[in-house]
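Subject: Structure for your review

Dear colleague,

Please find below the structure that I am handing over to you, together with its sequence. My notes on what was found in it follow directly after.

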Amino acid sequence: MDAGLTLSGDMILVLMLLGLTVTLFIFEIVRIDIAAICIMVLVGLLGLVPGDELFSGFASNAVISIIAVMIIGAGLDRTGVMNVVAGFIVKVGGRSESRIMSMVSSTVGVSSGFMQNTGATALFLPVVSRISARLDLPLPRLLMPMGFCAIVGGTITMVGSSPLILLNDLILTSNRSLPPGAEAVQPFDLFDVTLVGLALLIAALSYFLLIGRHLLPTVDTKRAASPGRTMNYFAEVYGIQGDVYEMLVTVDSPLVGMRIAEAEHLAGAPLMLAIQSTDEPRLAPPADEMIWVGTVLGVMGTREQVGEFALANKLRLQPRLRAFGNLFNPTRAGISEVVIPPGSKLIGKSVAEARLRSRFGISVLAVNRRNEIFSEDLRNLELQVGDCLVSHSTWRDLATVARDKDFIVATDIPKEEQRPQKVVHALSFFALSMFLIIFTDFQLSIALLAGAVGMILTGVLSMDEAYQSVSWKTVFLMASLIPLGLAMEVTGTAPWLAQQVLGILGEVPDIVVQAVLAVLATIFTLVMSNVGAAVLLVPIAINIALETGGNPAVYALIVGLATSNAFILPTHPVNALIMGPGGYQVKDFIRVGGGMSLIFLVVMLVAVNLLF
């Protein structure tokens, strides 16, 4: 490598783009996928990479692989494999909290090695809710260990997390810019990182069994929501109290001619869950539904609240449920928890704009955001990642919601699996992909696509369901950032940055340099996407290794693994998913995640240096 690299005009442009990228990701001025696309366009406009390579990321091995992994995960989900797993865990685990926690967390961790950890968490969220309700174990004692092990499990294989999927592509890009005579960095095979990942997973389980369980929330904890004890649970956790009543709108009522949304804003209004006008009674009346003389409203509240509202608005309170008796039967409808996951199209929309009642048949009763409960003026509340919606609906409508990737239903609901008869097909094509990866020389993307296409051809998933299972936000984020990594290499920015880092560190042992890279990757991951952290730091890590005589593959791998060290803040998508249902606060992640983060760094550095 050339000594004493000097800044060129192109290098200054790349550094400015790096600063812009970090700023956009940290402050979320725009969505991170939009920010990544803007950076890609700027790279092209400034001529920092060849024009024919600007969009190469969309056809890269990494991007195609991640699409296939998401489809395969959705196929396993559709067949109900996880319900079988839940039954086995309950049968073998008994009633011991430690044993159940260990079995759930290890199962999710291993599963995360073969599908995206966010997807694995989403699959197991209702499973853990079911186990918690069935065994009467506090949900917060199970969810955080499960979530942390899901994140760690992404390090078991090279397809478990987006940065590891991307790592080989970044290595190949760096190889193109190596100085003459330098040996090319070899990419990693699927199971090259398995021993490191298993060591990290064992360390995470040991941490929770020995230390972490004493740090988990123990006061005012939530129990899992189950249909059998809906009212008690939601009264305790969200303050939603009372019962269901029917009110008849009389000719003298001021509600006549009002819309449901207007009636809900009246002083002392109870929760309006159902309506019957001239047609059949139905739940979740749309906000623009008109109220006329003779309309029957199904409401929920305390008897005092409902009585006062009926008296003030000249409504006739019925002595019993006549119109809505069947609708409010606990076997047909009830209250549930629905989480807004990363990538949902509802993020940034208000509850009113989302039109949840008219589109999905669910009425939002309250919103839990980082353990803060919102129950007033919900229509104008803007939805955010990780929001836990307390909703009322029929179980049939909720089953439809559960199939929509804009939601994750955290409550264990009574529903039938969609295609249990296809479980053999799903497992067979998953096994086919693993066989092709392990025993053939096919590219990772081709091997994974073989399994994904097989699931589609055999009816495990329809083509539309396959499209819907893909997080296109992740795809565009990854594909759009690849040109930035290429620009860092072809302009010499990565070697220059590597020299600056080494100049600051001075003469230190290799393990210190590796630790600094791992800490930097951890910090970047906590404040921006893990994909962005990998794209920015892997080229620098490789060049630092070349400068110091270290192993470039090992340095790149350390950065790829360290992007999974995301436990201290609820910024990781997995942490955002479990925060609402678990009732966690930011301080819980800091308290429990601090120790986990330190253990992750130590075990990862030791394991990598022993094995590579």
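I begin with a sheet of 5 strands, which is open and runs in the order S3-S2-S4-S1-S5, with antiparallel pairing. Please bear in mind throughout that this is a predicted model. At the edges of this sheet are strand S3 (282-283) and strand S5 (315-317), each of which pairs on one side only.

Strand S2, residues 271-276, pairs with strand S4, residues 296-301, in the antiparallel sense over 5 bridges. Within that pairing, Ile275 has Leu297 of S4 as its bridge partner. Strand S1, which covers residues 243-249, also pairs with S4 in the antiparallel sense, here over 6 bridges. In this case Leu248 stands opposite Val296 of S4. Why is S4 described as largely enclosed by the rest of the structure? The reason is that 6 of the 6 residues of S4 are buried. The burial applies to both faces: Val296, Gly298 and Met300 are buried on one side, and Leu297, Val299 and Gly301 are buried on the other.

A further open sheet is formed by 5 strands in the order S8-S7-S9-S6-S10, and its pairing is antiparallel. Its edge strands are S8 (372-374) and S10 (408-409), each pairing on one side only. Strand S7, residues 363-369, pairs with S8 in the antiparallel sense over 3 bridges. One of the residue pairs concerned is Arg369 with its bridge partner Glu372 in S8.

Rolling a probe the size of a water molecule over the atoms shows where empty space is left. How many cavities of 30 Å³ or more are there? The count comes to 1, and the largest cavity has a volume of about 40 Å³. Its lining consists of Glu97, Ser98, Met101, Arg141, Pro145, Phe208, Leu209, Arg213 and Leu216. Helix H5 (97-112), helix H7 (140-153) and helix H9 (194-215) are the elements that give two or more residues to this lining. Sorted by class, the lining of the largest cavity has 5 nonpolar, 1 polar and 3 charged residues.

The aromatic residues form another part of the picture. A pair of aromatic rings is described by the distance of the centres and the angle of the planes. The whole structure holds 12 aromatic pairs. In one of them, Phe148 and Phe567 are tilted, with 4.9 Å from centre to centre and 55 degrees between the planes. This pair links distant parts of the chain: Phe148 belongs to helix H7, while Phe567 is in the loop between helix H23 (552-562) and helix H24 (573-582), 419 residues apart. Phe148 and Phe567 are both buried. Tyr584 and Phe589 form an edge-to-face pair, at 5.8 Å centre to centre and 70 degrees between the planes. Tyr584 is buried, with a relative accessible area of 0%, and Phe589 is likewise buried at a relative accessible area of 0%. The residues of these pairs belong to one aromatic cluster, formed by Phe148, Tyr207, Phe208, Phe567, Tyr584, Phe589 and Phe600. Phe208 of this cluster is also one of the residues that line the largest cavity.

Finally, I would draw your attention to two individual residues. Where is Val159 placed? Val159 is in the loop between H7 and helix H8 (162-175), and is buried with a relative accessible area of 1%. Leaving aside neighbours within four places in sequence, Val159 is in contact with Val69, Gly113, Phe114, Met115, Gln116, Ile165, Leu190, Leu444 and Leu448. The C-alpha atoms of Val159 and Leu448 are separated by 9.7 Å, although the two residues are 289 residues apart along the chain.

The second residue, Ser433, lies in helix H16, which spans residues 423-439. Is Ser433 buried or exposed? At 0% relative accessibility, Ser433 counts as buried. Not counting residues up to four places away in sequence, Ser433 touches Ile72, Ala447, Leu448, Ala450 and Gly451.

With kind regards

Notes: Residues numbered from 1 in each chain as written. Predicted model: local features only at pLDDT ≥ 70, side-chain atom pairs only at ≥ 80, totals over all residues. Heavy atoms only, no water. Pairing = 2+ DSSP bridges. Helix = DSSP H or I, 4+ residues; strand = E, 2+ residues; numbered from the N terminus. 1 Å grid on protein atoms, 1.4 Å probe; cavity = no way out; pocket = protein on both sides within 12 Å on 5 of 7 lines; lining within 4 Å. Points joined across faces, edges and corners; volume = space filled by probe spheres on them. Nonpolar A, V, L, I, M, F, W, Y, C, P; charged D, E, K, R; others polar. Phe/Tyr/Trp six-rings, centres within 6.5 Å; stacked < 30°, edge-to-face > 60°. Buried < 20%, exposed > 50% of the residue type's maximum accessible area, 1.4 Å probe, protein only. Contact = heavy atoms within 4.5 Å.
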